[in-house]
Amino acid sequence: MLLWTTAGAAALAFLVALECAARRYGQAGPLTHQVRELFLPPKSGPRLYAGLALTMVVLTWRQRLIAVGTAVGIDLAFVLVRWATGAGLSFGNGALWVIVGCAVIALTRRTGAERVLLLKGVGLGLLLMAGQKAGDAWLLITSKTRPTVLDEYVLVADHALGDPSWLAGRLVELTDPVSTHLLHLIYGQLPLAGALVALYQLRNVAVERRFPRHHLIRTFLVIGLIGPAIYMMFPVVGPVFAFGAEGGAWATAHLWPDTLPSVELPRPMPFDEITPRNCMPSLHTAWAVALFIHTRAGSRWMRFAGTFWLIGTLSATLGFGYHYGADLVAGVVFVLTIDAAMRASARTWIRSDALLVAHGTLTFTALVLSYRWLPVPMSEHPWIAGPLMILAMLSVIYGYLRLTAAGKREATPGVPPGPHTNEARPELV
């Protein structure tokens, strides 16, 4: 209980800080946007109902039917009022009202472990929604506080990987409009896909009356918390903005994806105060990889969905010009390091956990520093720099697979613990 109280207080303090920062630039922050959605048209109705679904994992089936019926009834009332007043039709307010109602019930009608369990469910639902609002506030802050971007550095370093964004962009243009519509759907609905995977992982909470030690939402939230801080240190807008038509007058030239820019000595580029600096690392890649690894213990269809979403997200990030290949490499190392740390924090840390997290942290740091300070040597020696980047990423993947495989063996009856560990560890989803 103390851990959840501390985590909740930290999350609230973080949201308050973002609210103050956003208001400093004349914009409403995440808390204001969340409160407004109790009455005003929501930004994403499906996401609000996904949050309600996460809250309902702690409820019985009868309670779930009541919660869904109440949410739909409230939404119908809002729809009728908006229709009568000529406002645009939207839905999702009812889901938020029911989540708030569950919080009130937990505080006034529940005690002990049942209160804690229901508050955990409410917290999951609210965090899914607040995470989007916090992300929007972070992106606003990056655009207002970082007047220059480092795209030329990443562009030059990306030569070592063969400039995959330009290749993927041309391929998407050739297969438009089918590829464009499909990839936009995959890219935009990644949070919803994450919620569905989390629901699968948490499907037994109502029966067991407890949450698993580790699940996808924990990793998703930490990625969203740490990633934007790196945006502030390494601001990058992406090729479609820095070198393409989306950048408008601020772009170096409208070359993406047809022509590769010629940059011999990279320099910081001045850019507008609107476009988010949200490329390094690629958090969409990080979230997609997290979704992929958390579906490996699921059914065949769940594993297929995780693979499909990973491939689609990687294709979209490159094919739409939102990221460079170097961003994706950094994103993979970033998420595996975080997920390994989250798995270890769910139990007692051991030596192999610490070694992997340290290795991932050092690898990520080395990659980002090389993009900033060694882009020219990397582009001049692509047959050395490119394989080194891939090998660095593969070393973290190998360490992660080895560690998680050892945890599964130790959780299986009759299988002796691995030689590199000194205690049995329960299998984590």
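Residues are numbered from 1 along each chain as its sequence is written, and side-chain values use heavy atoms, with hydrogens and water left out. In this predicted model, local features need pLDDT of at least 70 and side-chain atom pairs count only at pLDDT 80 or more, whereas totals for chains, interfaces and linings use all residues.

**Annotated spans**

Begin with the stretches that an unreviewed UniProt entry labels "transmembrane region", among them residues 91–108 and 182–203; such annotations may be inferred rather than shown by experiment. Select residues 91–108: the span is 89% helix and 0% strand, and its end C-alpha atoms lie 28 Å apart. Helices are DSSP runs of H or I with at least four residues, strands are runs of E with at least two, and both are numbered from the N terminus.

Now select L182, which is found in helix α9. L182 is partly exposed, at 41% relative accessibility; buried means under 20% relative accessible area, exposed over 50%, and partly exposed in between (1.4 Å probe, protein chains only).

Finally, select C102, which is buried at 9% relative accessible area, and C279, which is buried at 0%. The model has 0 disulfides, a disulfide being a pair of cysteine sulfur atoms within 2.5 Å.
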